[in-house]
Amino acid sequence: MAEENKQIVRNYFEELDRGRTTPVHLCTEDFRFHPAGLPTLDIDGVKAFGDAFFAGMTDLRHPLDELIADGDLVALRCRYEGTHDGELMGVPATGRQVSAVGIGVMRVADGKIAEFWVSPDRMTIKQQIGAIPS
């Protein structure tokens with residue numbers, strides 16, 4: 001079960017990066033997204049959240065560095081990599097490269113992603129696009 005759940009998470013990120021939008025077909029209908037420091041979002045909210053990042057970095061990728069599974073939970077360490085070529089977090093495109101780390105936990109239910117808790121390193125992203133000083 002652990003390896004199957006890790007593969008479901010891999011598939012989610014592969015489709016996320018390939019499709020440039022949240023792969024909602026891989027999520028449960030009652031999916032919940034818990035971004036650190038922000039309110040919990042439903043499937044429509046996470047799609048809007050993700051679309052805003054893809055608009056700001058049209059080549060955004062989320063390479064997975066590590067997956068650890070226990071029961072229905074998969075912990076992950078990933079990166080956010082891309083070029084700041086569109087408005088992101090209120091900052092106009094700078095052309096700068098972005099590389100930051102994110103950690104998260106996904107809960108899998110019936111072969112789909114049911115919940116996603118994530119803590120991206122927004123501070124590093126904001127520094128790299130010039131929103132705040134380094």
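This is a predicted model: local features need pLDDT of at least 70, side-chain atom pairs count only at pLDDT 80 or more; totals for chains, interfaces and linings use all residues.
## Briefing: the fold and helix α2

Residues are numbered from 1 along each chain as its sequence is written, and side-chain values use heavy atoms, with hydrogens and water left out.

**Overall fold**
- You will find three helices and five strands here, where helices are DSSP runs of H or I with at least four residues and strands are E runs of at least two, numbered from the N terminus.
- Read from the N terminus, the order of elements is α-β-α-β-β-β-β-α.
- The chain is as compact as a globular protein of its length, because its radius of gyration (over C-alpha atoms) is 15 Å, close to the 14 Å that the globule rule gives for 134 residues; that rule is 2.2 Å times the number of residues to the power 0.38.
- Of the 134 residues, 41% count as buried, meaning under 20% relative accessible area with a 1.4 Å probe, protein chains only.

**Helix α2**
- Helix α2 covers residues 43-56, 14 residues in total, and its first and last C-alpha atoms lie 20 Å apart, close to the expected 20 Å (1.5 Å times one less than its number of residues).
- Its buried residues are I43, G45, V46, G50, F53, F54 and G56.
- Those buried residues pack against α1 (2-19), β1 (27-35), β3 (73-83) and α3 (122-128).

Definitions and conventions:
Buried means under 20% relative accessible area, exposed over 50%, partly exposed in between (1.4 Å probe, protein chains only). Contact means heavy atoms within 4.5 Å.
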